Amino acid sequence: MMLDIRDLSVVFTDRGAPFAAVDRFSLQMDRGEIVGIVGESGSGKSMTAHALMGLIRRSEVEVSGSAVFEGTDLLSLSREELRRYQGRDLSIIFQEPMTSLNPTMRVGAQVEESLRIHERLSRGERKARALEAMALAGLPEPEAVYRQWPHQLSGGMRQRAMIASALVLRPRLLIADEPTTALDVTIQAQILETLKDINRREGVAILFISHDLGVVRALCGRVVVMRQGKIVESGPVDSVFYHPREDYTKLLISSRPSRKKLRGGREDG
Amino acid sequence: MGKALLKRTLLLLGTLLLVSALAFAAFSVIPGDPTGSVLGVEATDEQIAAFRARHGLDLPVWQRYWSWLTAFIAGDFGQSYKYDMTVAQLLSDKLGVTLVLSAVSFGLIAVISLPLGLIAARRPGGIVDRAVTVLTQVAMSVPNFVLGIGLMYLFALVLRWFEPEYVPLKDGLWPHLRFMLFPALAVALPKSAMTVKLLRGAILGELNQDYIRTAYSKGNSRGSALRRHVLRNAMIPVVTFLAMAAGDIMAGSIVVEQVFGIPGLGRILISSIGNRDYPVVQAIVVLLAAAVVGCNFLADLLYRVMDPRIDGR
């Protein structure tokens, strides 16, 4: 087992009453596996991902439970210790490819930033590895994109640049936090294909977070359904999709505009 | 970028032309005549007529403006009415004094505000941040000449850190700069306060951006995220502000010179207005306008260099 999350809770303590954004979340993941987390906005799925990545400011919230990654509990690490994992063993890509890149730094420098932080390499070696990662992420003409600024790229290209920067050190786990939500449908399908391809070729495990069960179904083997910070259902993606046990899951499935419904001209989602 | 640059340059020249015309028009409208103040009340009619003919004062305004403008562009700033000198001779060393004061002020602003802005942004709402906020508020609301009088009183009369008498450059560079430090402080403090406020806000704003979250996710420490990601973005508005403030600083220097008895452009400007020595006043006004407009131009240029999203195609 690569990752063993047990009773992960994220509780906000700066409000009147303590509020659990994530409530006793547990999940096990093997190497090279793709697991999905679905839920509506506010269900705690992104918060789970951020807690795992160590991106929650600890003064505002209380993170409890354990997340054992390759034998080390990530949640018990100090900030400095955790930094050795961030970008090297664990990477994350976000929903907003427009704002997730630094506007005043060239794309190449951002793709190779993790290399700069975690390894001692010459400029040339760094660039070679960055170009390799950019090709893997499906960026056409990596050499040209390397020298460009983020604003010169389209949304899909920016997300590919984010994927390249997350993959440059070949992490064992890639957390994808709604990576296609901000993109249009054709680009969305291409990015999903790229992620699948990377998983197959490099054996990178992917924790894929989405509000869209259909997208999750196209990519993941297993799925966890979250609502109000709690897991309501989990299992192989097909059985959850075709035989949902929970009403909430049924609602999530029916809220997708399917082809059948669109043809019938009656859309209620 | 080339086309935008050309446009800005034309705008700059147009502004200077307008400023010089307005200044010329203003001096032909205000009462008083250079003949009276230069030749005295006992001048004979012949003397006055000769003076007016010599300086072209008998010509209509637009003709005077035109001949002044063509000469100015050719580098001839004209002849002082009051002194037997050309305007260029009269102003050259005084311009140097004002430039030194402005440069020292500018340096002080950078030295004071960059560390304070960083410290204040480090812990928003903390003791340092609150102290800086109060200090900047005070420094911003005190006019620089009042500040100058205060500094003069404190450092020259009470603490006796410097003699309240101007030390020219010919007495040595170090004593000169040492004296200039205090008037420069009076010019710099209000601007530093604004810069600190601006920098603090810019840093805090950038820290909340999504790309900072990305930076942390790659294993950046807070310090390296600040150095490598936040600072460059936060410096864009600050550098723009500073470049634009540079013109203001020169104007501020002129006022503070009066308080500290520094023989710079300020003193000659005021005495020349009193003497109706228009060629001198005219040259100073255009020089100041050129400084302000030039600095704005520089700000625009720096902004384009620092922010890759802006390129005037």
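This is a predicted model: local features need pLDDT of at least 70, side-chain atom pairs count only at pLDDT 80 or more; totals for chains, interfaces and linings use all residues.
Local features need pLDDT of at least 70 and side-chain atom pairs count only at pLDDT 80 or more, while totals for chains, interfaces and linings use all residues. Residues are numbered from 1 along each chain as its sequence is written, and chains are lettered from A, with ligands numbered from 1, in the order in which they are written.

In chain A, six strands form an open sheet of mixed pairing, in the order S6-S7-S8-S3-S9-S10. Strands here are DSSP runs of E with at least two residues, and helices are runs of H or I with at least four, numbered from the N terminus; two strands pair if DSSP finds at least two bridges between them. S6 and S10 (230-236) are the edge strands, each pairing on one side only. S6(A) runs parallel to S7 (residues 173-177) of chain A, joined by four bridges.

S6 (90-93) also belongs to the side of chain A that touches chain B, as does helix H4 (113-118). Here 23 residues of chain A are in contact with 17 residues of chain B, contact being C-beta atoms, placed from the backbone, within 7 Å. H4(A) gives the largest share of this side of chain A, four residues.

In chain B, the axes of helix H1 (residues 2-29) and helix H12 (residues 278-306) come within 9 Å and cross at roughly 155°. Axes are lines fitted to C-alpha atoms, for helices over the stretch in contact, with angles from 0 to 180 degrees between N-to-C directions. H1(B) and H12(B) are therefore roughly antiparallel, the term for angles over 145 degrees.

Conventions: Two residues are in contact if their C-beta atoms, placed from the backbone, lie within 7 Å. Angles under 35 degrees count as roughly parallel, over 145 as roughly antiparallel, 65 to 115 as roughly perpendicular and the rest as oblique.
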